[in-house]
Amino acid sequence: MLLVTLRMPVLEYLISQSGEVFNPQPSTPHSTAFPYLNITLQAARENLLLSQSLRVYSPYTFYSFHYIFSAAISLVVQSFLANETTSSDEVLISEAIDNLKELGKRNESAESCAKMVRDLSVVVANVQLVRNGLRTVSDFVFSPREE
Amino acid sequence: MGRPSQIHDEDIDTEPPAEMSGFPQSHGLHAHSSLACVMGQIISNVFRTRGREDDEVKKSIMELHNWRDNLPPHLRLIEGEWRTLPKDVLLLNLIYNQVNIVIGLILIDRCFSLPSECLCWNT
């Protein structure tokens, strides 16, 4: 339900920003044009760190993967934009994928969440390569090879 | 979070938790229940797909930030001391952040018009 609710606004925003996604130095920083970015980013970072602290108390509860997934998706979506996320965010996303995979051993939904975050991360990584001039759009990869 | 509210606040006649001698402090319970009330407003005013009014969206977001600003110090996150904080404090702040994340993703295409007073972020 949440994903269905989120899908359209996120897609609409990404499409509206498509002209800027490949621009390494957008004329107006996205967080200036859209101040709620900073609030959302900060909340996502904090929740990924909080979920690590909460795992000590209850490693396999529902909220563990639900909150990890929302925060990770939020960070990944905003990684589409130039200069908004940092390398430490990439570490947080990578840890989130590992945690979701671990939870996915006991919960099919968590496994799907891990795959979705991982797939979207691959698209973001390719956008970043194109943005940095290291790859052309024709070489774009949309999904990782199956492990 | 994400589904419409089944019970509205105005249909609840139970008083919010209060302090009583001989019982544990109710600050945490009160914070959870008041956050639930704010979440109910956000579900009604922000998550709706049709007929969303900007004024109601702004008011709901302001309520959320007011909730955070009025949180007692012992229920706030303390930088560098998360490992020692009790579970309910971590969970309370986790839920608050989750609400912000979902609002951000839902309004990502239309937050340009939100006024600055909706964007205060007191840590």
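**Close-up views of a predicted two-chain model**

**View 1. Helix H2 of chain B and its buried face.** H2(B) spans 22 Å between its first and last C-alpha over 16 residues, close to the 22 Å expected at 1.5 Å a residue. As with every view below, the coordinates come from a predicted model. The buried residues of H2(B) are B:Val57, B:Ser60, B:Ile61, B:Leu64 and B:Arg68. Viewed along the axis of H2(B), these buried residues lie within an arc of 95 degrees, so they line one face of the helix. B:Asp55 and B:Asp69 are exposed and sit on the face of H2(B) turned away from the buried side. Cover for the buried residues of H2(B) includes H1 and H3 of chain B.

**View 2. B:Ile61 in helix H2 of chain B.** B:Ile61 counts as buried because it has 28 C-beta neighbours inside 10 Å, and the cut-off for a buried residue is 20 or more. B:Ile103 lies 42 residues from B:Ile61 in sequence, yet their C-alpha atoms are 8.6 Å apart.

**View 3. Helix H1 of chain B.** H1(B) comprises residues 27–45, 19 residues in all, and extends 27 Å from first to last C-alpha, close to the 27 Å expected at 1.5 Å a residue. Its buried residues are B:Ala31, B:Val38, B:Met39, B:Ile42 and B:Asn45. These residues are on the same side of H1(B) because they cover an arc of only 135 degrees around the axis. They pack against helix H2 (54–69) and helix H3 (87–106) of chain B.

**View 4. Chain B as a whole.** Chain B contains 3 helices and 0 strands, and its elements run α-α-α from the N terminus on. Of the 123 residues in chain B, 26% are buried. When contacts in chain B between residues at least 6 apart in sequence are considered, 67% of them join residues at least 24 apart.

**View 5. B:Asp88 in helix H3 of chain B.** B:Asp88 is partly exposed because 14 other C-beta atoms lie within 10 Å, a count between the limits of 12 or fewer for exposed and 20 or more for buried. B:His8 is 80 residues from B:Asp88 along the chain, and 25 Å separates their C-alpha atoms.

**View 6. Crossing of H4(A) and H3(B).** The two axes come within 8 Å and cross at roughly 145 degrees. The crossing of H4(A) past H3(B) is left-handed. On the H4(A) side the residues that meet H3(B) include A:Tyr36, A:Ile39, A:Ala43, A:Asn47, A:Leu50 and A:Leu54. Their counterparts in H3(B) include B:Lys87, B:Leu90, B:Leu94, B:Asn97, B:Ile101 and B:Gly104.

**View 7. The largest nonpolar core.** This core has 53 residues, and those with the most contacts inside it are A:Ile68, A:Ala71, A:Ala72, A:Ala96, A:Leu100 and A:Val117. At least two core residues come from each of helix H4 (36–55), helix H5 (62–79), helix H6 (87–104) and helix H7 (108–131) of chain A, and likewise from each of H1, H2 and H3 of chain B. With neighbours within four places in sequence left aside, A:Ala72 is in contact with A:Leu48, A:Ile93, A:Ala96 and A:Val117. In soluble globular proteins, nonpolar side chains tend to be buried together.

How values were computed:
Residues are numbered from 1 along each chain as its sequence is written. Chains are lettered from A and ligands numbered from 1 in the order in which they are written. This is a predicted model: local features need pLDDT of at least 70, side-chain atom pairs count only at pLDDT 80 or more; totals for chains, interfaces and linings use all residues. Helices (H or I, at least four residues) and strands (E, at least two) are DSSP runs, numbered from the N terminus. The expected span of a helix is 1.5 Å times one less than its number of residues. The arc is that of the directions from the helix axis to the C-beta atoms. Two residues are in contact if their C-beta atoms, placed from the backbone, lie within 7 Å. A nonpolar core is a set of buried Ala, Val, Leu, Ile, Met, Phe, Trp, Tyr and Cys residues joined through C-beta atoms within 7 Å. Axes are lines fitted to C-alpha atoms, for helices over the stretch in contact, and angles run from 0 to 180 degrees between N-to-C directions. A crossing is left-handed if the near helix is turned anticlockwise from the far one by less than a right angle, and right-handed if clockwise.
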